[in-house]
Amino acid sequence: MLLPFLLALHAVTAVLLPWLVRVAGPRAFLLACLPPAATVVWVLSRAPEIVAGRPATSSIAWVPALGIDLDFRVDALALAMVLLVSGVGAVIFGYCARYFHTGERGIGRLAAVLVLFAGAMLGVVSTDNLFALFVFWELTSITSFLLIGNDDRKEQARRAATQALITTAGFGLPMLVGFILLGEIGGSYRISELVAAPPTASPWLPVALVLILAGAFAKSAQVPLHYWLPGAMVAPTPVSAYLHAAAMVKGGVYLIARLAPGFADVDPWRALVLTFGLATMLIGGWRALRQDDLKLLLAYGTVSQLGFLTLLAGAGTQVAAVAAIGALLAHGFFKSALFLTVGVIDHQAGTRSIGALSGLGRRMPVLAAAAALAAASMAGVPPMLGFVVKEAALEAFLPGHAAGMPPGAAAAVLTGVLLASILTFAYSARFVWGAFADKAAVSERRFPHPSAAFVAAPVSLAAVSLATGALAFLLDPLAQSYAAPFDAGGQPYHLALWHGPTPALGLSALVIAVGVLLFYRREGVARIQRAMPRWPDAETGYHLFVHATYAFALGVTRRLQSGSLPVYLGVILAMLLALPGARLVVVLVTGDVAAPGAGEGFRVWNSPLEGVVALLIVVTAVATVREHRRFPALILISAMGFGIAGLFALYGAPDLALTLVLVETLTTVILVFVLRRLPATFGTRPNGWGKRLTVLLCAATGTFIAVSLWLMTAARTDAPVSLGYAPRAHEAGGDNLVNLILADFRALDTFGEVVVLATAAIAVASLVLLNRRARVVEESGADPLEEEGAAGSDGEGDPAAGNGLAAGAGGTGADSGPAGEGDRS
Amino acid sequence: MNLLIAVPFVVPLLGAAATLLLRRAPRAQQVASAVTLAVVIADSTLLLAATADGTVVASQAGGWAAPLGITLVVDPLAALLLLVSSVVLLIVLLYAIGQDISGLSRAVPQVFHPIYLVLTAGVCLSFLSGDLFNLFVGFEIMLTASYALITQAPTRARVRASMIYTVVGLTSSIFFLTGIALVYALTGTVNLADVAEKLGAAPAGLRMVLALLFLVVFGIKAAIVPMHFWLPDSYPVAITRISAIFAALLTKVAVYAIIRTQTLLFGRDDVSTVMMWIAIATMVIGILGALVQDDINRIMSFALVSHIGFMVFGLALNSVAGIAGVLVYLVHHIVVQATLFLVNGLIRQYVGHTSLRSIRGLTVVSPLLAIFFFLPALSLAGLPPMSGFVAKVALFQAGVQAGGWLIYLGLTAGVLTSLFTLMAIFRVWARAFWGTPLPDMLEARAELRRGPDFVGRRLMAATTGTMVGVGLLVAAAAGPLTDIAFTAARDLLDGRAYIEAVLPEGAP
C-alpha cells in the first residue's frame with residue numbers, strides 16, 4: 001500500500017518547505033499541495049474496493065513487544081476522513097499561496113508545520129493501531145500548538161497555544177491509559193480486531209471507554225472543554241480553517257465513530273456521548289449567535305457542530321452512522337469555505353467585525369454567493385449536503401427509529417437537535433448578513449478586489465457542498481459501508497436529497513421557519529442574550545486549575561526545598577529510621593528472629609579494657625555534641641577516633657588500628673589549620689528543639705545499626721568466606737592474610753581505592769592551584785555577571801530565595817541568578 | 001571475553017593516566033580522551049552483542065574463583081547501560097572539547113580530562129561489578145571524580161553547591177558501607193551471586209531490613225523523594241558539561257544499583273508497596289518543583305528527580321514488563337537529560353545564564369537551537385513519536401497488566417506528572433523561545449558570529465545535534481531496545497543465569 005510513502009512524502013515536503021519559501025516566497029505553498037493531492041488521487045483510485053468492504057492495509061513494525069506498530073487500514077470511515085483531510089488540505093494550501101505575503105515573518109516555519117500537520121492528521125485517520133493513533137493524535141496537538149502560536153510575539157497567541165496544548169494533550173494522557181486498558185482487556189491493540197470482537201465482560205471496560213471519551217471530547221472541543229477552540233482563533237485564518245474547522249477537531253469525532261460499532265452499547269458510552277454532544281450543540285449555537293467577530297462566530301459555530309457530530313458518531317444506530325459520515329464531510333466543506341471567506345474579507349478589508357463591514361455583497365458578489373451557499377449548507381437548507389445530513393440526523397432520533405435508546409431519551413435528543421438546528425440557522429443567516437449585507441449605520445470601506453485565484457478556494461469548497469448535496473446518492477455507498485455493522489432492522493437508511501414527505505422533512509421546514517423568525521427578531525435575541533446571567537465559564541475553570549497547580553507547587557516546593565544541609569541530612573536519617581529501622585523494630589517485636597541472649601555465652605566484654613575504651617568513646621561523643629566552640633569539638637572528635645582505634649587494637653587488628661591512628665592524626669592536624677580561618681564558635685549549629693531532634697535522630701540511627709549488627713551476626717547462616725583464604729595463602733605466595741587480601745585476593749578493590757585517593761589528591765591540588773589563578777583573574781576585573789550570580793545564591797536569609805523559586809507564581813523572588821558559566825570570566 | 005569485560009574499567013584508567021601526563025599538550029590530551037571513550041564504546045558494543053540473547057558472562061579478577069576473589073559480570077542490563085553511557089560520555093566530552101577550543105572556558109583546568117576518564121571508569125565498574133564491596137569501590141571512584149568535577153571553575157555558588165553534594169554523597173557512602181558490613185555479618189560473603197544464594201536461608205525479617213537499607217542507600221544517590229533535595233541544589237550550578245553528565249548518568253547508576261540489588265539479592269522480599277509510595281511521592285513532588293522554577297537548569301533538575309519516580313514505579317511492579325519498562329526508560333532518560341543540559345549550555349552562549357526572566361525569542365536568535373531544544377523536550381514530556389513516549393507506554397502498560405488499587409494510584413500520579421511535565425516544558429518554550437528577542441541577545445549572537453572561536457562553537461553545536469540524533473535513534477530503534485530490555489528483565493527476575501555464571505558448581 002502506498003500510504004506510508006504518502007506520509008513520508010508529507011514529512012519530506014515539510015523539511016524542504018522552509019528553504020523553498022525562502023527561495024520562492026509564499027508560492028512554495030503550491031508545492032505543499034502536492035502530498036495531500038497525491039493522497040486524494042491514491043485514495044480515490046482505491047475507493048471502489050474500499051467501499052466494497054476490502055480495506056487497504058499495510059503494516060510497519062516499530063515496537064512489537066509493546067504492541068506499538070504502525071498498522072494502516074483504510075476502510076470506508078477512513079476513506080471519508082482522508083478525502084476530508086487531504087482534499088480540504090490541498091485546497092487550503094493553494095489558498096495560502098495567496099493569503100501570505102512575501103517576506104512575512106515565519107511563513108517557512110508555518111508552511112512546514114502545516115504540512116506536518118496534514119501528514120499527522122492523515123495518520124490519525126488511517127491507522128489501525130491504538131498506539132499509532134495516539135502518536136499521530138499527539139503530533140496533531142503539537143503542530144496545532146506551533147500553529148496557534150505562530151505569531152509568537154503576541155502574548156495572546158502564546159497563551160492560546162499553551163492552553164490548547166495543555167487541554168488536548170493533557171486529556172490525551174488519560175486517553176492513553178484508556179487505550180492501554182482497552183488493549184489489555186481485549187488482548188490486541190488493533191482497532192479493527194477490538195471493534196470486531198469487543199471485550200464485554202471486563203469491569204474495567206467502562207473505565208477504559210470513559211478515559212478514551214475524555215480525550216476525544218477535549219480534542220473535539222466538547223463542553224466544558226471547548227474553551228480552547230475560540231482561543232485558537234488567533235492563528236492565521238487558513239490554519240483555523242484547516243485545523244480548527246475541517247481536520248484536527250474532527251479527530252475526537254473520528255475516534256468516537258471508529259469505536260462506536262463495537263462499544264456504543266456499553267454503558268455509559270451512549271449517555272455520555274448524547275449528553276455532552278447535546279450540551280455542546282446548544283451552548284455553541286447560543287454563543288455563536290452573539291459574536292461580533294466573524295471568525296469567533298464561526299468558531300462557536302464549529303463548537304456547536306462538533307457537538308452535533310459527536311452525537312451522531314456516538315449514537316450507535318444505523319441511521320445516525322449514515323448521518324455521521326455525511327455530516328463529517330458536510331461540515332468539513334462548508335466550514336472551511338466559510339473560514340476562507342472570512343480570510344478573504346479580513347485580508348482585503350482589514351477587519352472581520354460585523355459592526356464594521358457593510359456592502360461587501362455588492363463589491364464581491366462571487367464570494368458572497370459562495371459564502372451564502374456554504375452557510376445554507378450549515379443551516380440545513382436544501383439542496384445542500386448540510387440539508388441531506390440534517391434530514392438523516394432528525395430521522396435518527398425520531399420516536400421508533402432510535403433502536404437501543406429509551407424513547408424518553410430519544411425524544412429529548414430530538415428536541416435538543418431541533419433547538420440547536422434553529423440556532424444554527426439563525427447564526428448562519430447572521431453570518432451572511434453580517435459579512436455581506438448593506439448596513440445603514442456602517443460606512444463602507446475601500447479595499448482592493450481579491451484576485452480570482454484567491455477566491456477560488458472558498459468558491460470551490462462551496463461548490464462541493466452544493467454538488468454533494470444534489471448528488472448525495474454518490475456518497476451513500478460510503479456511508480452504507482461504514483454503517484453496515486449496525487443493526488438497521490432490515491431497512492437501512494440511505495443518504496438522499498428527497499425521501500418523500502417524511503416527518504423529518506416537516507421538522508426541517510419547521511427549523512427553517514423558526515430560524516428565519518429568529519433572524520428577523522435578532523434585536524430581541526440580542527437583548528435576551530445580554531439579559532442572561534453569564535454562565536460560569538469553562539475557561540475560568542482552566543485558569544483556576546492552572547493557578548491552583550502553580551500555587552500548590554510553589555507552597556510544596558518552598559517548604560521542602562529549604563536549602564539547608566542539616567535538614568537534608570536529617571531527612572535522610574529519618575528515612576533510614578522509617579524504612580529499615582521500623583522494619584527492624586517489627587522483627588524485634590514479633591520475635592521473628594531469636595534475639596541472642598544471655599543464655600548463649602553472653603559476655604559484657606572480653607577484657608575490662610574494652611569497657612574503658614567504650615566509656616571514652618561515649619563520653620567524648622556526648623561532649624562533642626554539647627560543645628559550642630570549634631577547637632575543643634575538634635579535639636574531642638579526634639579523641640573519639642583514637643578510642644575507636646583502641647577498640648581495633650583490642651580486637652586483634654593492629655594494622656587497622658595503626659592506620660586509623662595515622663588518619664586521625666593527619667586529619668586533626670589539617671583541621672587545626674583550617675580552624676585558624678574560621679570563627680571560634682559554631683554560628684550555624686541548631687539549638688533547642690532542632691538540636692534535640694538532631695541528637696535523637698543520630699542516636700536512633702546508631703542504635704539501629706548496632707542492633708542490626710547484633711542480630712545479623714547472630715543469625716549468620718554460613719561460614720564466612722574469609723575462612724577460605726587461609727588454605728590458599730600458600731598458593732598466593734604469602735603468610736600475612738590481610739596483606740594477601742589487599743594485594744592479591746581483592747587487589748581490584750585496593751587498586752580502585754588507590755584511584756580514589758589519587759583522584760582526590762589531583763582534585764584538591766587543582767582546586768588550590770586554580771583558586772590561586774582564578775583569584776588573579778578576579779582581581780583584574782572579573783565578569784560582573786558571575787560575581788552577581790555567586791553572591792545571589794549565597795543569600796542565606798530566606799531559604800526559598802536561595803532556591804530560585806519563581807516569583808511570578810506568588811511572592812518571594814529568587815535572585816539565585818544562576819552562576820554564569822565560570823568560563824566567561 | 002575476560003579481556004573484553006575488563007576493558008571498560010581498565011582502559012579509561014589508562015586513558016586517565018595518559019591524559020594526566022599530557023596535560024601540557026591540550027590537543028593530544030583531547031585526542032587521547034576521545035580515543036579512550038571510543039574504545040569503550042566499541043567494547044560495549046561487542047559485550048552487548050554477546051549478551052543480547054540473555055547470556056551472562058562472568059570474569060574472575062585475578063583468577064581466584066568466586067566468592068574468594070572479585071567477580072566482574074556482564075549481562076544484557078550491564079552491557080546495554082555500558083553502551084549507552086559510553087556513547088553519552090563521548091558526546092559530552094566532544095562538546096567539552098568544542099567549548100575548550102572555542103576559548104569560552106579558560107577557567108577549566110587541564111585535569112578535567114583525567115578526572116572525567118576516572119569517572120568513566122567508576123561508572124563502568126559499577127555496572128560490571130559482581131561483588132558488593134567492589135560495587136562500593138566503583139561508586140567511590142565515580143563519586144570522588146564527581147566531587148572533583150563539581151568544583152571545577154569554582155565560584156562561591158559552586159563551592160556551596162559542592163558542599164551539599166559532597167556531604168550528602170559521603171553520607172550515602174557511609175550507609176552503603178554499613179550495609180555491606182551487615183550483609184557480611186549475615187551471610188559471610190560479599191559476592192553478589194553468593195549473597196543471593198545465602199540470603200535464602202536467612203530470616204525473612206532481617207532480609208527485609210537489608211532490602212530497605214539498600215533502597216535508602218541507593219535512593220539517596222538516585223534522588224528519590226524525600227532524599228532528593230541535594231540534587232536541584234547542586235546539579236544546575238555546575239558547568240554545562242558536568243551537569244549534563246551528572247544528570248544523565250550518576251542518578252542512573254544508582255537506579256541500576258537499586259535494580260541489581262532488589263532483583264538479585266532481595267527478589268524474594270516484597271518491598272513493592274514501599275517502592276510504589278516512594279515512586280508516587282518522587283514523581284509528583286519532583287515535578288511540582290519543576291513547575292515553579294525560573295531557571296531552565298533547575299527545571300530540568302527537578303524534572304530529573306520526578307522522572308526517577310517513573311523508574312521506581314516500574315521497579316515496584318516487580319514484573320518482567322515493569323522492569324523492562326524501567327530499562328527502556330533508563331536508556332531514554334540518560335540520553336534526553338544529557339541533551340537538554342547541553343542545549344542549556346548553548347543557551348548560555350547568548351545570555352550567559354539560563355534564567356527564564358531574561359531570555360526571549362530564542363527561535364529567532366537561533367532556529368537550530370530551537371529545534372535542538374524542542375525535540376528532546378517532547379521526549380522528556382513523553383510525547384510521541386519520541387523515545388519518552390515508548391518508555392512511558394512500556395511502564396503504563398506494565399502497570400495496567402499488574403493491576404491493583406495502589407498501582408492505579410501510581411498510574412494516576414504518572415499521568416499527572418506527565419501533564420505537569422508538559423506544562424513545565426512548554427512554559428520554558430513559550431517564555432524563552434517565543435517572543436521578541438532581547439537586544440543584548442542579538443548583540444551576543446552578532447558577537448559570537450564575529451568571534452574567532454568559530455570552530456569550537458561549531459563542534460559544540462554539532463555534538464548537541466548528534467545527541468539529539470541519538471535521542472531520535474533511541475526512538476527509531478525502540479523495537480530492538482525493548483526486546484533487549486525484556487530479555488534483561490527476564491534474566492534479572494529469574495536470577496539463575498547470573499548465579500550460575502558466577503558460581504558454576506554452586507557455592508563452595
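Predicted model: local features only at pLDDT ≥ 70, side-chain atom pairs only at ≥ 80, totals over all residues.
Guide: Residues are numbered from 1 along each chain as its sequence is written, chains are lettered from A in the order in which they are written, and side-chain values use heavy atoms, with hydrogens and water left out.

Visitor: What makes up the secondary structure of chain A and of chain B?
Guide: Chain A has 33 helices and two strands, and chain B has 21 helices and two strands. Helices are DSSP runs of H or I with at least four residues, strands are runs of E with at least two, and numbering starts at the N terminus.

Visitor: How do you know whether chain B agrees with a compact globule?
Guide: The radius of gyration is taken over C-alpha atoms, and the globule rule is 2.2 Å times the number of residues to the power 0.38. For 508 residues the rule gives a value near 23 Å; chain B has 22 Å, so the two agree. The C-alpha trace of chain B spans about 70 × 55 × 40 Å along its principal axes.

Visitor: What does the rule give for chain A?
Guide: A compact globule of 825 residues would come to a value near 28 Å, but chain A has 38 Å. Its C-alpha atoms fill a box of roughly 115 × 70 × 55 Å along the principal axes.

Visitor: What share of each chain is called buried?
Guide: Buried means under 20% relative accessible area, exposed means over 50%, and partly exposed lies in between, with a 1.4 Å probe and protein chains only. In chain A, 53% of the 825 residues count as buried; in chain B, buried residues make up 75% of the 508.

Visitor: Why is Ala223(B) called buried?
Guide: Ala223(B) has a relative accessibility of 0%, so it counts as buried. Ala223(B) sits in the loop between α8 and α9 of chain B and has a positive phi of about 65° although it is not a glycine.

Visitor: Why is Asn318(B) called partly exposed?
Guide: The relative accessible area of Asn318(B) is 38%, so the residue is partly exposed. Asn318(B) also has a positive phi, about 55°, without being a glycine, and is found in the loop between α12 and α13 of chain B.

Visitor: What makes these phi values worth noting?
Guide: Most residues other than glycine have a negative phi, and most peptide bonds are trans.

Visitor: Which peptide bonds are called cis?
Guide: One joins Asp267(A) to Pro268(A), with omega near 0°; Pro268(A) is in the loop between α12 (250-263) and α13 (269-288) of chain A. Another joins Val225(B) and Pro226(B), with omega about 5°. Pro226(B) lies in the loop between α8 (204-222) and α9 (230-234) of chain B.

Visitor: Why is the pair of Phe112(B) and Tyr116(B) called tilted?
Guide: The ring centres of Phe112(B) and Tyr116(B) are 5.2 Å apart, and the angle between the planes is 35°, which makes the pair tilted. The two residues are four apart in helix α4 (residues 112-128) of chain B, so about one helical turn separates them. Phe112(B) and Tyr116(B) are both buried.

Visitor: What makes the pair of Phe310(B) and Tyr329(B) stacked?
Guide: The planes of Phe310(B) and Tyr329(B) are at 25° and their ring centres 5.4 Å apart, so the pair is stacked. Phe310(B) is in helix α12 (residues 296-317) and Tyr329(B) in helix α13 (residues 320-351) of chain B, 19 residues apart. Phe310(B) and Tyr329(B) are both buried.

Visitor: Why is Asp151(A) called partly exposed?
Guide: Asp151(A) has a relative accessible area of 26%, so it is partly exposed. Asp151(A) is in the loop between α6 (130-148) and α7 (155-186) of chain A.

Visitor: Which residues does Asp151(A) contact, leaving aside neighbours within four places in sequence?
Guide: Contact means heavy atoms within 4.5 Å, and on that count Asp151(A) is in contact with Arg105(A) and Ala157(A).

Note on methods:
Phe/Tyr/Trp six-rings, centres within 6.5 Å; stacked < 30°, edge-to-face > 60°.
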